[in-house]
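Subject: The structure, and what turned up in it

Hi there,

Here is the structure I promised to pass on. Please open it alongside this email, and my notes follow below.

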Amino acid sequence: GFGKYNYSNGNSYVGTWKNNVENGNGTYNWENGDVYTGNWNNGERTGNGTYIWENGNVYEGEFVNGTEKGNGRFIYGNGEWNGDIYKGEYVNGQREGFGKYNYSNGNSYVGTWKNNAENGNGTYIWENGDVYTGNWNNGERTGNATYIWENGNVYEGEFVNGTETGNGRFIYGNGEWNGDIYKGEYVNGQREGFGKYN
């Protein structure tokens with residue numbers, strides 16, 4: 001049935017119950033200011049719900065046994081990531097699977113995630129117009145990719161930890177070297193090793 005329970009620690013729950021535990025729809029208020037409203041199953045947040053943290057962070061989406069799992073949207077409140085929004089898949093409370101992250105500074109990433117970091121294939125677009133499309137490893141641009149600068153320059157090739165390292169091709173898009181092409185080896189973003197410049 002329906003009821004309200006005030007816990008001795010200052011927490012409270014109002015909603016439906018079954019066999020003495022939260023079950024169905026309800027709202028749980030923590031003493032610290034956190035609030036969850038949504039589905040419950042056998043005393044656990046399971047199903048669709050909204051969790052609002054006292055710092056202003058908000059998660060709207062699917063829960064399984066008390067953690068974010070499935071599809072959801074996370075909006076960052078106060079703090080370093082204020083205004084950032086992630087919409088996509090979660091596993092055990094972590095961004096994992098396919099999703100899109102919009103940064104408050106205008107940058108965005110759409111692609112695959114693992115353990116809250118960009119991992120696999122994805123596209124990162126900077127506010128200034130630069131675009132990186134390719135492989136990621138634990139939040140770093142690592143693997144084969146294409147980077148297009150807003151000025152028209154293009155690099156196609158290998159990256160390691162965010163810099164051009166390995167074999168690649170650089171095409172100058174405008175300016176003094178417009179149309180020039182370098183194809184060869186790179187180390188830490190610099191032409192180094194064997195290569196050909198036309």
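Which residue in β14 does N144 stand opposite? The residue facing N144 there is E158. Before going further, please keep in mind that this is a predicted model.

**The strands around that pair**

Strand β13 covers residues 140-148 and strand β14 covers residues 154-160; they pair in the antiparallel sense over 6 bridges. Together β13 and β14 make a hairpin, with 5 residues between them. If you look at the turn, G152 has a positive phi of about 100°.

**A buried glutamate**

While you are in strand β15, have a look at E164. E164 is buried yet has no salt bridge. The nearest side chain of opposite charge belongs to R141, and it is 6.7 Å away. Who are the contacts of E164, leaving aside its neighbours within four places in sequence? They are W149, Y155, E158, F159, Y186, V187, N188 and G189.

**Aromatic pairs**

A search of the whole structure finds 38 aromatic pairs. One of them is W30 with Y51, a tilted pair with 5.2 Å centre to centre and 40° between the planes. W30 lies in the loop between β3 (21-29) and β4 (35-41), while Y51 is in strand β5 (residues 44-52), so this pair ties together parts that are 21 residues apart in sequence. W30 is partly exposed, with a relative accessible area of 23%, whereas Y51 counts as buried because its relative accessibility is 8%.

Y59 and Y90 make another pair: their ring centres are 5.1 Å apart and their planes are at 85°, so the pair is edge-to-face. Y59 sits in strand β6 (residues 58-64) and Y90 in strand β8 (residues 85-91), so parts that are 31 residues apart in sequence are tied together. Both Y59 and Y90 are buried.

**W17**

W17 has its place in strand β2 (residues 12-18). Why does W17 count as partly exposed? Its relative accessibility is 21%, and buried would mean under 20%. Beyond its neighbours within four places in sequence, W17 is in contact with G1, F2, G3, K4, Y5, Y7, E22 and N23. A polar atom of the W17 side chain lies 3.4 Å from the backbone oxygen of G15. G43 is 26 residues from W17 along the chain, and their C-alpha atoms are separated by 8.6 Å.

**Q94 and its partner**

Last stop: Q94, in strand β9 (residues 94-102). With a relative accessible area of 28%, Q94 is partly exposed. Which residues does Q94 contact, apart from its neighbours within four places in sequence? E89, N115 and N116. The side chains of Q94 and N116 are joined by a polar contact of 3.0 Å. Those two residues are 22 apart in sequence, but 5.2 Å apart in space, C-alpha to C-alpha.

Happy browsing, and do write back with any questions.

Best wishes

Notes:
Residues are numbered from 1 along each chain as its sequence is written. This is a predicted model: local features need pLDDT of at least 70, side-chain atom pairs count only at pLDDT 80 or more; totals for chains, interfaces and linings use all residues. Side-chain values use heavy atoms; hydrogens and water are left out. Helices (H or I, at least four residues) and strands (E, at least two) are DSSP runs, numbered from the N terminus. Buried means under 20% relative accessible area, exposed over 50%, partly exposed in between (1.4 Å probe, protein chains only). Contact means heavy atoms within 4.5 Å. A polar contact is a pair of N or O atoms within 3.5 Å; within protein, one must be able to donate a hydrogen and the other to accept it, and residues adjacent in sequence count only if both atoms are side-chain atoms. Two strands pair if DSSP finds at least two bridges between them. Lys and Arg count as positive and Asp and Glu as negative; His and the chain ends are not counted. A salt bridge is a side-chain nitrogen of Lys or Arg within 4 Å of a carboxyl oxygen of Asp or Glu. Rings of Phe, Tyr and Trp (its six-membered ring) pair if their centres lie within 6.5 Å; planes under 30 degrees apart count as stacked, over 60 as edge-to-face and the rest as tilted.
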